[in-house]
Amino acid sequence: MASTQVAAEGSKAPTNNPTLLAWVAEMAKMTQPDSIVWCDGSESEKKRMTEQAVSEGILIPLNQQKRPGCYLHRSNPNDVARVEHLTFICTPNKAEAGPTNNWMEPDEAYHKLGQLFAGSMKGRTMYVVPYAMGPIGSPFTKIGVELTDSIYVVLNMRIMARMGKQALDMLGDSDDFNRGLHSTGDVNPDRRYICHFPHDNTIWSFGSGYGGNVLLGKKCLALRIGSFLGREEGWLAEHMLILGVTSPKGETTYVAAAFPSACGKTNFAMMIPPAEYKGWKIETVGDDIAWMRPGPDGRLYAINPEAGYFGVVPGTNNKTNPNAMETISKDTLFTNVALTPDGDVWWEGKDGEVPEELIDWQGRPWKKGSTEKAAHPNSRFTAPMSNNPVLSPKANDPMGVPISALIFGGRRSTTVPLVLQAFNWTHGVFLGATMGSETTAAATGKVGVVRRDPMAMLPFCGYNMGDYLQHWLDMQKTIPQLPKIFQVNWFRQDKDGKFLWPGFGENMRVLEWVVNRVHGRVPTKETLLGWVPRQDEGLNLKGLDMSADAVAEATSIKEDEWKTELKSQEVFFEQLGSKAPDALMLQRKLLISRLEN
Ligand code: SAT
Ligand code: MN
């Protein structure tokens, strides 16, 4: 059996934390690794592990002239996205997990997964990965320790989180840390489980090597366990980007925005405004997750708990997201993209000509014109946020940034207009709660089906969705200076299935309206759904290549579509049963009566 002190090729535990040492020993007893390596997060460790990953074929070095410090990883083809049907919230009571989560009784889950974990690291190394979600020393920050037998996970975690000695130092002797256990197992979808034990601050993930399932700081801790802790401790863990937008006058406004996976959060957070917006600047605080709590001055403050980006690659190019292109030009791990003959990476939607020949994401020869995609639609980059040319100087601020506006946005080809503002916080929570979105490749399952995705948190809420929505309603009592709430939809289509709104940098026009509303600078038009831009003093459309008809269509509110939408919302609220918050049911009634009058 491996010893936590010194193992053959292992390392001595760099801590005396008794709870941590005991837990690592207990997990090692179960999984039986040959050795245990404590990760310190150093450059020499990165170098060593990268070389090892290359020698084992886990990473393929890319052309170091073209992409210094970059590597390609190919996952098992059965393991390319989050597996929502295999993701469980394990609370003593089923009701606590709620109707939108898969539930397993904790003892049963520990037993079931314990059998899979038993001996699963035989012949392998267990890496102990201490990490901080949030800036070191911030009151927002939570410490986690992930035990994993995957060197790919270690190398990703060191980009995505503040990993190693700094996290262990922050933990000290405390027993307040998330206990994460991961084993790649035999990558068999029939033996794959992602289980969360919120009452034990524990996550067990077995049988996958894919990001969202195994980088336990991200969706598992920062969102599922985080949302549970947020309710207990009076804060919000949200699936939101955070950006700062600075006007030519030097006024910076911070905005957080929720969009489901693979709906453009990274693009929005790094947006370059169009030519008409000379002197405006967008800076990224975060691209996926926001932890928000009331600050001493009565405003809502947000941090990005992550230190890197795990972004969707296909569709990224110098037009859609030049800042992302620069971010991934060095020190980036690519997963499941295609390889070019000269050792660079390629994906659908990259700039330039489609190469004649490639090696596809599964390692097979690929020829131009092939009907199969060369890169997987959910192929990803893992890049340090410090690579981002427009990283906000506040991205590492332990106090976070004050949020003035919250935006909810789904992917909807019909029904939902380009932008509207909620009448007040409760109405805004209703808008977030009734968000729908068409599914994407970020999770396994059919793509393009509308599903209710409240606050873009359907796959990430770690407890009962009704209680979660009530928590959102209750938060208004603790935030004297509430952010304003907005809803957007970049994805509406015309009858030929073409996007009406150009999106990307042009979203600046909508963002400017949001900023103007926050500062009370423009009037609005009232509609049954909320306040919308007026035709006269509304959106700035100067220089926008879009017909007046298309603008009208993108911003239209069609009563017949809303009658259908209300039915779908009703199914969702019925699912919540008695947990559906009264205040939201009242919002629903008010909307119905506005629609009928
Ligand atoms: O795979 S992740 O869950 O990390 C990304 C996403 O789906 O949002
Ligand atoms: Mn996400």
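User: Which helices each supply at least two residues of the shell around ligand 1?
Analyst: Those are α7 (211-214) and α8 (217-233). Keep in mind that this is a predicted model.

User: Nice. Which residues are around ligand 1?
Analyst: You'll find Arg82, Gly211, Gly212, Lys218, Lys219, Ser261, Phe310 and Ala442 there.

User: And how do the residues of that shell divide into nonpolar, polar and charged?
Analyst: Two are nonpolar, three are polar and three are charged.

User: Switching topic: what domains does the assignment give for the chain?
Analyst: Domain 1 covers 18-59 + 80-233, and domain 2 covers 237-308 + 392-596. Their C-alpha centres lie 31 Å apart.

User: How many residues does the contact take from each domain?
Analyst: It takes 34 residues from domain 1 and 32 residues from domain 2.

User: What supplies the largest share of the domain 1 side?
Analyst: That's α8, with eleven residues. On that side of domain 1, α3 (94-97) and α5 (151-160) also supply at least two residues each. The residues there divide into 17 nonpolar, nine polar and eight charged.

User: What about the largest nonpolar core, which residues touch the most other members?
Analyst: Val128, Ala256 and Ala302 do, in a core of 173 residues. Domain 1 and domain 2 each contribute at least three residues to this core.

User: Leaving aside neighbours within four places in sequence, what is alanine 302 in contact with?
Analyst: Its contacts are Ile242, Ala256, Ala290, Trp291, Met292, Gly400, Val401 and Ile403.

Note on methods. Residues are numbered from 1 along each chain as its sequence is written. Chains are lettered from A and ligands numbered from 1 in the order in which they are written. This is a predicted model: local features need pLDDT of at least 70, side-chain atom pairs count only at pLDDT 80 or more; totals for chains, interfaces and linings use all residues. A residue is near a molecule or strand if its C-beta atom, placed from the backbone, lies within 6 Å of it. Helices (H or I, at least four residues) and strands (E, at least two) are DSSP runs, numbered from the N terminus. Ala, Val, Leu, Ile, Met, Phe, Trp, Tyr, Cys and Pro count as nonpolar, Asp, Glu, Lys and Arg as charged, and the others, Gly among them, as polar. Domain bounds come from an automatic or database domain assignment. Two residues are in contact if their C-beta atoms, placed from the backbone, lie within 7 Å. A nonpolar core is a set of buried Ala, Val, Leu, Ile, Met, Phe, Trp, Tyr and Cys residues joined through C-beta atoms within 7 Å. A residue is buried if 20 or more other C-beta atoms lie within 10 Å of its own, exposed if 12 or fewer, and partly exposed in between; C-beta atoms are placed from the backbone.
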